[in-house]
Structures are given as C-alpha cells and as structure tokens.
Amino acid sequence: MKYAFLCLIFIEVTGCVSSMGPKADLYQTRIQSDSTKHARRYAPDVVIRAEHAWQEAQQAHKAKHFTDASEYLNKALLLLESAFVEAQRIELEQQTAVMLKR
C-alpha cells in the first residue's frame, strides 16, 4: 500500500497522468502538434480562444468545479479543431486565388 501511494505521488509530480483526464491529454497533444503551428499562422484568433478556454478549464478544475472544467475543456478542444479547419480553408482559398490568376 505504501509503495502504491508513492507511485501515485511520483506519477502526479512528473506529470505522466493528467489530473483532468484523457481529454486534457488530448488537448496537450493537439496544442503541441504541427497542425497548431499551422493554425497559429492562418487562424491565430481561434487558437487564442482555445488557449483561453484551456486556462478556464484549469482554473475551474483547481476550484473543484469539475462540470465547468469539463465544459471548458470541451470548448478548448472544439475551438482547436475549428482552428485547424479554418487554417485549411484559408490556405485553400489562397491557393485557389493563385490558380485563378494563372
């Protein structure tokens, strides 16, 4: 029992497991992806809104408002995916404009 407790403390301290669950892990993976770098170029406002929702989720989780935290986390994920789609749309629109000029 003592070792299990120590293992849990180690995992929490090292950050191997997110205290907010798999959706938070997914957000962290997606925000660090190349798609996000691309989205920052073409849809920075949407990425900023996703990051703001992530911060709200963290604050709600710390305040033990888990339902609110989950909602903000959902919003962050949806906004991030929206940023990816918007970046692709803008890029395709630009490519179309170039092709039409040719």
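Biologist: What percentage of the residues in the protein chain is buried?

Modeller: This is a predicted model, in which local features need pLDDT of at least 70 and side-chain atom pairs count only at pLDDT 80 or more, while totals for chains, interfaces and linings use all residues. Residues are numbered from 1 along each chain as its sequence is written, and side-chain values use heavy atoms, with hydrogens and water left out. Buried means under 20% relative accessible area, exposed over 50%, and partly exposed in between (1.4 Å probe, protein chains only). Of the 102 residues in the protein chain, the buried share is 27%.

Biologist: How many helices and how many strands does the protein chain have?

Modeller: Helices (H or I, at least four residues) and strands (E, at least two) are DSSP runs, numbered from the N terminus. Along the sequence the pattern reads α-α-α-α-α. The count is therefore 5 helices and 0 strands.

Biologist: Is Glu56 buried, partly exposed or exposed?

Modeller: Glu56 has its place in helix α4. The C-alpha atoms of Glu56 and Ala76 are separated by 9.1 Å, and these residues are 20 apart along the chain. Because its relative accessibility is 24%, Glu56 counts as partly exposed.

Biologist: Which residue has a positive phi although it is not a glycine?

Modeller: Most residues other than glycine have a negative phi. The residue in question lies in the loop between α4 (44-62) and α5 (66-101), and it counts as exposed because its relative accessibility is 61%. With a phi of about 65°, it is Lys64.
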